[in-house]
Amino acid sequence: MSTHKNRTVMAEINMVPFIDITLILLIIFMVMSPLLVQMQLTVDLPKSKAINTQAEDDVIRIEVQKNGSIIVMNKSLTLKNLERELILRMGKANKKTILVQADKDVPIQQVVDVFDVAKKLGAAKLGIGVLSKN
């Protein structure tokens, strides 16, 4: 009489140690990644003593009034005439800066329309400001 028990081979992989190691590695990388990013982002920016180094003739000032009128260098225009005036003022050298000064009550859509015209004509830089009180 032989007592022979049916033994089956367990073919499953125990995943618990693998998951533990994976989570530990994940925590280590989460802690180390901000330190690595800070070490790589050290930028020594240049210093400047000049406040405004750009020539005044390279800046085209556009004022957008509360009533919707647009003034380019003391000349009142409509949005339709703005493109033609900017073409004349920018000339062939498209290295001009467009500075849009808008009243605080002007809808943002009017300022965006002025930016669209300036960008369409290839202005080098666009800036926005406020009208100074006289």
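Let's start with M32, which is found in helix α1, spanning residues 16-40. In this predicted model, M32 is partly exposed, with a relative accessible area of 38%.

M32 also belongs to a nonpolar patch on the surface. Its other members include I28, F29, L35 and L36, and the patch as a whole has about 970 Å² of accessible area.

## Two helices side by side

Next, look at helix α2 (residues 79-90) and helix α3 (residues 108-120), which pack with their axes 10 Å apart at an angle of about 30 degrees. That angle makes α2 roughly parallel to α3, because angles under 35 degrees count as roughly parallel. The crossing of α2 past α3 is right-handed.

A salt bridge joins the side chains of K120 and E83, at 3.1 Å from N to O. Here K120 sits in helix α3 and E83 in helix α2, 37 residues apart, so the pair links distant parts of the chain. K120 is exposed, at 59% relative accessible area, while E83 is partly exposed, at 26%.

How many salt bridges does a search of the whole structure find? There are 3. E85 forms one with K75, with the closest N and O atoms 3.1 Å apart.

Together, K75, E85 and R89 are linked in a network.

Terms used. Residues are numbered from 1 along each chain as its sequence is written. This is a predicted model: local features need pLDDT of at least 70, side-chain atom pairs count only at pLDDT 80 or more; totals for chains, interfaces and linings use all residues. Side-chain values use heavy atoms; hydrogens and water are left out. Patches are made of residues with over 30% relative accessible area and no salt bridge: like charges are joined within 9 Å, nonpolar side chains (Val, Leu, Ile, Met, Phe, Trp, Tyr) within 5 Å. Accessible areas come from the Shrake-Rupley method with a 1.4 Å probe; for residues, only the protein chains shown count as cover. A salt bridge is a side-chain nitrogen of Lys or Arg within 4 Å of a carboxyl oxygen of Asp or Glu. Helices (H or I, at least four residues) and strands (E, at least two) are DSSP runs, numbered from the N terminus. Buried means under 20% relative accessible area, exposed over 50%, partly exposed in between (1.4 Å probe, protein chains only). Axes are lines fitted to C-alpha atoms, for helices over the stretch in contact, and angles run from 0 to 180 degrees between N-to-C directions. Angles under 35 degrees count as roughly parallel, over 145 as roughly antiparallel, 65 to 115 as roughly perpendicular and the rest as oblique. A crossing is left-handed if the near helix is turned anticlockwise from the far one by less than a right angle, and right-handed if clockwise.
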